[in-house]
Amino acid sequence: MNPPNPPNGMPPPAGPPQRPARQIRGPQSALTDFLASQGINANQIRQDADARRAAARASLQNAGGDGDDDASSPEAEPESAPARKETKAQAAKRKKEEEKAIAKIKASKQFQRRRKQYGSDDDMSDEDEAARAIFEESMAPLPGQMENCELCEKRFSVTAYSRAGPDGGLLCPKCSKELGKEEGSAKKKRKIAAGRARRQLQSNLLDGIYPGAKDLMTLCIETLAKNVHNADSLGDLSDDLVDKIAAILSKKRLMTPETLYLFLRPGSDTVTVYDAAKLSSDDFIRIFQIVPTVKHLRLRNAIQFKNKVMDHLLGTTVELETLSLHGSNLIDDGRWGQFLTEKGSHLRALKVYSTDGHFGDEQLEMVAKHCPNLHRLKVCHNQKVTTEGVHHIAKMPNLTHLSLELYQQMPFFEGDSSLADVLGSIGAGLRTLSLATIHNLTNDVLKGIHDNCQNLSKLRLIDNSTFTDDGFANLFTGWLNPPLIYLDLHKCRHIDAAEPRENPNKVGLGSAGFEALMAHSGLTLKHLNVHSCRHISREAFENVFAEDKTYPEMQEIDISFCQSVNDFVVGSIFRSCPKLKTLKVFGNFGVKGVRVPKGKILIGVPNALGMQIEGTEEDEGRVI
């Protein structure tokens, strides 16, 4: 209800005091305050930008109206946007701003760079046209504005993700998606092809196939391997070429019962199958039926070579001189004993890999009794042979090549005494010796090698945590054996999870042992592997590969996971080994920016890019 009007001449009654109006505003940045003090308004900036875009569109429309008659024909392309109505003052202002923008573009560094790309000033007939082109590029619609699609000519709202079309316009989401599918398939194919080529190159390098032009014979062999399903026979190819083809097919998992017949040539004395995983027992039986003259049989991944095949072999007149079986763990001990008893007199080389719970001490005893002509014995990845079986090896006086990889734990003194008997009996005649994963061997074995083995050219002692640095130093110091050609001592190191870096007892190959072995065999060594021998110091590497030291025959070195190796050590190795082909440095984070000489390969650089090829320019090698 309204209050009654006061009588005439009377002042209105005093009311409550009115509150002053409050102007509450949010916080402003220093830039906003500065722009406001200079009279610069965001709305004004937006209006000027709209005016410039409208001027650009109007100029394009005017240019289109002054063109040929074809441009005004019904077949002409539709206009991208309708012209805005503007007054004379607005048009004058637009033209003035446009001229200023073009002049600014002419004076910019971007415009000058474009002029240099043309080679001479005469190539750019009209600077105004070039500057206007740049100006029009900068006038592209902003996100939130409407534009016509370049392909389907439909109107759509421009976003920050709008894609440019083939002619420079923008595309609607539907056309962008379709164009992305077309380009994506091509990019994916190129990416897959590039990745396959990179992996193939790395695989070849790790297999010892070095980059470069291949000879005609290698190209022919690879072509035949790719089209082996069309081949009827291998003709009169030599055994070496047949072996190379078999290796390529096995690597590609193409050795099947159908392709096996290409390698079964009647009258041949050698059959080699590097991957027999796809062959059945009947396929192995056919080997002896088609090639009854076979003398040297080598089968890898021969899982189906079992009692059935061995029974067939025992019933034939085949007299094998070399038998190498890998993965044939379905042959029981009785069949092994029968084979060694009936066929062992002809054997000169016996290699047995991965037989699990078969081929143990009793079989080694039979080898000693029934194989008098045996020169090479290799028992690898075996879980049944014990110290008793090792004692039987000492009764094989004609052995020249011995390789043992035993997983049955041997007590310290029993293992040492067994191998001491072996080295004392047959050590003088050994040419190669390999002892792997026999963890409890001590320095007594190293002393036995030093005292009894004086004709070795190849020595492999791997995966041992009881040999000491002093034991290795004593082995190579004053050793009457000629300098070695092949030496593998990888994983001879101290293992302690509680204190992995502490090595108070100097377990494993260390600095003293490394310097002693290089002093003894450095001049003739071709292959050296000290992988994971992390107790070799940087000073030892620098002393061995000093500026005045040269190792003329060295071709391959593996110093992976030796923590003291750095760029200087790697550079010293390249300098001291002129014939070096491959150097492996996996896990050595001190190797970062070494320069690789031309013709040499450095594998395993631990950088963020992984296995990468740096280039093959002049005086540069390969980094993988």
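Predicted model: local features only at pLDDT ≥ 70, side-chain atom pairs only at ≥ 80, totals over all residues.
Q: Let's begin with the whole chain. How many helices and strands are there in the chain?
A: The chain has 20 helices and 18 strands. It runs to 624 residues, and 40% of them count as buried.

Q: What share of the contacts with a separation of 6 or more comes from residues 24 or more positions apart?
A: Such pairs account for 67% of those contacts in the chain.

Q: And how should I read the surface? What part of it belongs to carbon and sulfur atoms?
A: Of an accessible surface of about 35,700 Å², carbon and sulfur atoms hold 51%.

Q: Now to the inside. What is a cavity, and how many of 30 Å³ or more does the structure hold?
A: A cavity is a set of points where a 1.4 Å probe fits but cannot get out. Here there are two cavities of 30 Å³ or more.

Q: Which residues line the largest cavity?
A: The lining of the largest cavity is made up of L406, Q408, Q409, M410, T437, I438, H439 and N440. Its volume is about 60 Å³. By type, the lining has three nonpolar residues, five polar ones and no charged ones.

Q: What about the second largest cavity: what is its volume, and which residues line it?
A: The second largest cavity has a volume of about 30 Å³. Around it sit L435, A436, T437, I438, L441, L461, I462, N464 and F467. This lining divides into seven nonpolar and two polar residues, with no charged ones.

Methods: Residues numbered from 1 in each chain as written. Heavy atoms only, no water. 1 Å grid on protein atoms, 1.4 Å probe; cavity = no way out; pocket = protein on both sides within 12 Å on 5 of 7 lines; lining within 4 Å. Points joined across faces, edges and corners; volume = space filled by probe spheres on them. Nonpolar A, V, L, I, M, F, W, Y, C, P; charged D, E, K, R; others polar. Helix = DSSP H or I, 4+ residues; strand = E, 2+ residues; numbered from the N terminus. Buried < 20%, exposed > 50% of the residue type's maximum accessible area, 1.4 Å probe, protein only. Contact = heavy atoms within 4.5 Å. Areas by Shrake-Rupley, 256 points an atom, 1.4 Å probe, with all protein chains shown as cover.
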